[in-house]
2 protein chains.
Amino acid sequence: MRMLFIGFGVGVAVGAGGCYLYLSAVKQPELRRGGRAITLDENHHALKFGAPETEIVRQYEGYIAAYDYRTRNPKWVLEHITRDSSSGDAKRDGSEFFPDPGVEPRFSAKLSDFRGSGYDRGHMAPAADFKSSQKAMDETFSLVNISPQVGAGFNRDYWARFERFVKELTYASSDVYVMTGPLWLPTRSQLEDEDGGGGGGGGKGKGGKWTLVHDWIGKPPGLVAVPTHYYKVVVADPRGGGEPGKAPARDAVSPLAKGAVAVGAFVMPNQPMDARSPLSAYVVPLEDLEQVAGTRFFPDLLGEPRRRAALDTAAAGWRQEGLAQLKPFERLSMKQALAALPAPGSGAADVETSTVSTAKGASSSSSSPSRPAPPPAPKTPEGAGVVHICDVNACQLPRVDWYLPNGSGAGNGGSGGKRRAAA
Amino acid sequence: MRMLFIGFGVGVAVGAGGCYLYLSAVKQPELRRGGRAITLDENHHALKFGAPETEIVRQYEGYIAAYDYRTRNPKWVLEHITRDSSSGDAKRDGSEFFPDPGVEPRFSAKLSDFRGSGYDRGHMAPAADFKSSQKAMDETFSLVNISPQVGAGFNRDYWARFERFVKELTYASSDVYVMTGPLWLPTRSQLEDEDGGGGGGGGKGKGGKWTLVHDWIGKPPGLVAVPTHYYKVVVADPRGGGEPGKAPARDAVSPLAKGAVAVGAFVMPNQPMDARSPLSAYVVPLEDLEQVAGTRFFPDLLGEPRRRAALDTAAAGWRQEGLAQLKPFERLSMKQALAALPAPGSGAADVETSTVSTAKGASSSSSSPSRPAPPPAPKTPEGAGVVHICDVNACQLPRVDWYLPNGSGAGNGGSGGKRRAAA
C-alpha cells in the first residue's frame, strides 16, 4: 500500500510536469487574430516597457466588435443572428447610447462628439437584430458599435432597408453571420497633369492621383473619423437545421439550396442614396473588399481562394446587372464613389455584355422600388460549395414602407422601431 | 511492485489531468496587446467561421513592427538600440528592399507601388541604427518597416538629421527605445459657413470642420496610404550601466541625470522642412500624441498619468521655446499642419509667455542651423522619475553636414550612408 502511495505521488509529479512542459512548448504566447496566429515573443528586447496598444476587442451577447483607437470607430463588428434571436418583444425605446466601459475614454468617441455634428449615431450591428433579448439589444448601443452615418437618405432609409434585407435572411437560413464596418475610400482626380518628376510630393500615376478626403467630428486631439463608405459581408448558413421561417412574400425569394452556404459582400457610400437603386449595384467582389478594408473575412470559410473566386464571378455578374439598371448619370457618380473598388472592366460601356439581356428586362420597370422582377438566373459557378446571396433572393430590398403595418414583408418588425434607429 | 506501477499510472493521469484543467481554466486565450490583455473568447457563437484579421506583428533582430492591412503602412515600429548595436561595419550598399514574407501579398505594399510615385521608401527604424549586424540592418529593408516619405527636404534631410539625433542618444544613455509611426492628421477649414442643420452631411463645429486630405499610391484595390505626418517617441534609459560613450561635441548636451529616464515625443509633417527650424518646435505632449495616433506608448513606463503629466508640462515649455524661434509665417503654417495637436494656448500670441525671455535669446542667432545656444533651463517638474529629453540635450539637431567626415558629431556615421537612406 505504501508503494501505491509512492507510485501515485511520483506519478502525479511526472504527469503534471510533463503536461506543463508540453503545454509550455506548444502554447507559446500567441495573438490569435483570425485564421493565422501572430506570435509575439514577449521576451523581445524592444518590449522592455510593454507592447503598444492600438485597438480593443469587446464581446457582447450578440456581437463582437474591434474598436480602433485612431479613428474612434469600430474596425469591424461581427454578429450571429437566427430567426429566434432576432424575433421578440425587446424594445429600443429605453435603450441608451453609452461609452463602452472597456475602452479608455481618451481612445473612445464621446456622446458629445455626435451632438450637433449633423451625423446619426449609426449602428453597425442593428438593434433590431436582437429583439429576443433586451440585454442584447441594449448592448448594441455601446459606442464600440456606433459610427457617424448620414441620417436622411442613408441610415434612416436605404441602409435601414438593407439591414432589414439582411435580417430577413434568417427566414431562409438557420444561421446568419454578418460583418459590418467602415471604409475610407480614396477617389481618383481627373487631372491628367504630368509631373516632370524628381523630388518630393506628387504620388501621381497615369490618369490622376488617388486622394482620400473625409471629415472628422468632435474636438482635437480626440477626433472621430467620418467614414466615406460602409460594408457588410453576409453569410447565410442553412445547415443548422430547424425549421426556417416563411420567407416574406416577395417574388424572387427562393429557399437556399440544400447544404450550400450563401455569401454576399456589399459596399455603400455614406451619403443619401436613391431609394430606387437596386441593391445588386452595390455588390462587390470579396477579394477587392478584403483589400480595401484590409481585413480577412470569415477566414475559416472564405480562406480558400477557389471559393472566393466562385463568389466573385457571381458578384461581377450581379453588379453588372445592377449597374445596368441605373441611369447613366447615376452610374457615373457611382463609378466615382467606388473607384477604388472598380467594377469588372469598369468602363461604363462594359455593362453591355453577356448579362445585358437579363438586365435590360429588369430595368424596364426600374422606376418602381417594389417592382416584381422575373427571377434572374443564378450566377455562381457550381462545385465550390457556396452560392452568392443574390442567387438565392435576387438581392431584392424590402419596400421603402416595409416597416408600416401594411407594408409587405413587415414580419415582426412592423412597429417602426427600425425607423427610429436614426436616433 | 505491481502496486507501485498502478499508483504511478493513476498518479500520472491525475497529475496531467489536473495540470491540464488548471491551465485551461487559468490560461484563457488572450490577445496581449500591451499593458492590457484583451480576452477573445473563441467560443463566442459569432466566431464560427474564424475571427477577422486586420494587421500582423512581425519581429526582427532589432525591431518589432505592426503592419496595417488597410493603409499598407507600418502601424508602429518599435526598436531598441544601444551604442554597441548601432556601431559597426554593416553596410547598406547590398541591402535590398523586400516584401515581408510574413505578410500576404494582397495586404502588403509592393516594390512597384513606390516606383515613379515621387515618394521615397522611408525607413521607420533606420538602417543606420543597426550597424553592428548586417542581418539586422538588412531586415530594416522589409516593407513592414517602410512608409512613403517625401524625399528632398524631409527623408533625406530634416528627418535624417532627426534620426541621427535619436541615434546619438546612445552616447548619453545605455539603452534607447524608439517608437516610430505614421499619422494622418486632419486640418481645420477656415470657413465659418453656418449650416442651418438637419439631415445629412455637415459635421461642422464652431470655426470650421475638420477634414483629412491625403494621397495614396499604387493600384486599386491595393493602394498604399501616404501619411501626412510621422511621429517618434523616444525613451533614453541610462540605468543599464556600462560606459556611455562620449557625447558629441555640442554645447548643450549634458549627461542624463542619474537614474532618470528621459522621454520625448515629436511629430513632423511629411513635407519639405526648413533646415533651420529648431527641433523643439516639433515637440508634442505625449497625451495628445497618444490620442491622435490612437496608440498607447510604452505602457509599462508611461501608463502612469502623473509621469505623463510631468513630461507634458516640459513638452509645452519646450514647444513654446521652439515656436518662438520661428518666423511668424512659419509659425502660422506649422500651426495649421499641427492643428489636430494644438500647442498649449495655441494662439500665435501665446508664445509671449514666461518662457519668452529664454526663447528671445535663443532666436537671436536662429539663422544658423548650428548656432551655439546657451544651455536652457530644464522644464520637467521634479519627482516623477522621468525628465524630458530636451532637458538633457536641449533638442539640438546635428549640423546639416554632420555626415561629412569633417562634420561635427560625425561619430562612426561619417560614410554618408545615412544620406543614401533616401534610395
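Predicted model: local features only at pLDDT ≥ 70, side-chain atom pairs only at ≥ 80, totals over all residues.
1. Residues are numbered from 1 along each chain as written, chains are lettered from A in the order written, and side-chain values use heavy atoms, without hydrogens or water.

2. In an unreviewed entry, UniProt places the feature "binding site" at A:Asn155, although such annotations may be inferred rather than shown by experiment. A:Asn155 lies in helix 4 (residues 151-155) of chain A, where helices are DSSP runs (H or I) of at least four residues and strands are runs (E) of at least two.

3. A:Asn155 has a relative accessible area of 2% and is therefore buried, a term that means under 20% with a 1.4 Å probe, protein chains only. Its side chain makes a polar contact of 2.9 Å with that of A:Asp120 (a pair of N or O atoms within 3.5 Å, one able to donate a hydrogen and the other to accept it; residues adjacent in sequence count only if both atoms are side-chain atoms).

4. Chain B holds an open sheet of 7 strands with mixed pairing, in the order 3-4-5-8-12-13-14, pairing being at least two DSSP bridges between two strands. Its edge strands, strand 3 (55-59) and strand 14 (386-388) of chain B, each pair on one side only.

5. Within chain B, strand 12 (residues 229-237) and strand 13 (residues 261-269) pair in the antiparallel sense over 8 bridges, and B:Lys232 stands opposite B:Phe266 of strand 13.

Key: Buried < 20%, exposed > 50% of the residue type's maximum accessible area, 1.4 Å probe, protein only.
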